[in-house]
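Please open the model in a viewer and keep the selection tool at hand.

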Amino acid sequence: MKTVSLNGNWKYRVGYGDFSDICVPFSRLPVGRSECVKTFDLPELSENVFLKFEGITYYAKVELNGVDLGEMLPYSEYEFDVTGIVRQKGNTLTVVLEDINRAFGPSDGWANFGGIIRDVYLEMRGEHYIENVFFKTSLCEDYTGADICVDISARCPSDANFLIELVRDETPVLSYT
C-alpha cells in the first residue's frame, strides 16, 4: 500500500471571500463557513484509492472532482472510496467547513476552533487488501491466560489465508493460520 499526502498548501477562504493560501493541517478561531480547495496530480493510479481524513472540526462536506463524497463530524477519522473518481492528473478536492455554533455547543468562556486539524492523504491499495482487523480478548480469572478472537475484514479471494502471530520480546509465542 502506498500513501500520497495531501497536506501542505491549499487555497482557503472565509465565507465567499477571496482565496488565500493556508497550510493543512490547520486550526483557526471560528469564522462560520470556510472553504478549503486542493488541486493535485498523482504519480500513478492504483486499483483501489481511498481518501482519508484523520480529523476536522466541526462539520464538513467533501467533494472530489465535482462528486459529493459525504459529510464529516469532528475529531473522527473518515475514509472515502474514490476509486473511479480520482484521476491521475487534474484533481480538485473541496472541503466546506462549518464551525460549531451556539445551538450545538459551548460559547462564552470556551474557545472553539475550526479547520482540517489532522493529516489528509490518499491510500493506494492493490486488488487485494485487509480492510480491518479487530481483536477481542477475554482474560482468565487468574490472568494467566486469555481467549483471543480475531475478526478480519478483507477484499480478497474466499480461499485466502491469513497468518496471525502473537509475539513477545520479538519471539512468536502463538501462531494461527
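Begin by selecting Lys 52, which is buried at a relative accessible area of 14%; buried means under 20% relative accessible area, exposed over 50%, and partly exposed in between (1.4 Å probe, protein chains only). The model is a predicted one, in which local features need pLDDT of at least 70, side-chain atom pairs count only at pLDDT 80 or more, and totals for chains, interfaces and linings use all residues. Residues are numbered from 1 along each chain as its sequence is written, and side-chain values use heavy atoms, with hydrogens and water left out.

**The salt-bridge network**

Glu 123 forms a salt bridge with Lys 52, with 3.6 Å between the closest N and O atoms; a salt bridge is a side-chain nitrogen of Lys or Arg within 4 Å of a carboxyl oxygen of Asp or Glu. Glu 123 lies in strand β10 and Lys 52 in strand β5 (residues 48-53), so the pair ties together parts 71 residues apart in sequence. Strands (E, at least two residues) are DSSP runs, numbered from the N terminus. Glu 123 is buried, with a relative accessible area of 8%.

**Asp 119**

Which residues does Asp 119 touch, not counting those up to four places away in sequence? The contacts (heavy atoms within 4.5 Å) are Asn 7, Pro 25, Lys 52, Phe 53 and Glu 54. Asp 119 is found in the loop between β9 and β10 (120-125) and is partly exposed, at a relative accessible area of 32%. Its C-alpha atom is separated by 6.0 Å from that of Pro 25, although the two residues are 94 apart along the chain.

**The six-stranded sheet**

Next, display the strands of the open sheet, whose order is β3-β2-β4-β9-β6-β7 with antiparallel pairing; two strands pair if DSSP finds at least two bridges between them. The edge strands, each pairing on one side only, are β3 (20-24) and β7 (67-72).

Select β2 (residues 8-14) together with β3: five bridges pair them in the antiparallel sense, and Tyr 12 stands opposite Ser 20 in β3. Five residues lie between the strands of this hairpin, where Gly 15 takes a positive phi near 60°. Then move to β4 (residues 33-40) and β9 (residues 91-98), which run antiparallel and are joined by eight bridges. Lys 38 stands opposite Leu 93 in β9.

**Salt bridges across the strands**

The structure holds eight salt bridges. Select Asp 21 and Lys 11, whose side chains meet in one at 2.6 Å, N to O. Asp 21 is partly exposed at 47% relative accessible area, and Lys 11 is partly exposed at 40%.

Move on to Arg 13 and Glu 35, a salt bridge whose closest N and O atoms are 2.8 Å apart. Arg 13 lies in strand β2 and Glu 35 in strand β4, so this pair ties together parts 22 residues apart in sequence. Arg 13 is buried at 18%, and Glu 35 is buried at 10%.

**The nonpolar patch**

Finally, show the surface of Ile 130, Val 133, Phe 135, Ile 148, Leu 166, Val 173 and Leu 174, which make a nonpolar patch of about 620 Å². Patches are made of residues with over 30% relative accessible area and no salt bridge; like charges are joined within 9 Å, and nonpolar side chains (Val, Leu, Ile, Met, Phe, Trp, Tyr) within 5 Å. Accessible areas come from the Shrake-Rupley method with a 1.4 Å probe; for residues, only the protein chains shown count as cover. The elements giving two or more residues to the patch are β11 (129-139) and β14 (171-176), and β11 provides the largest share, three residues. End on Leu 174, in strand β14, which is partly exposed at 47%.

Key. Helices (H or I, at least four residues) and strands (E, at least two) are DSSP runs, numbered from the N terminus.
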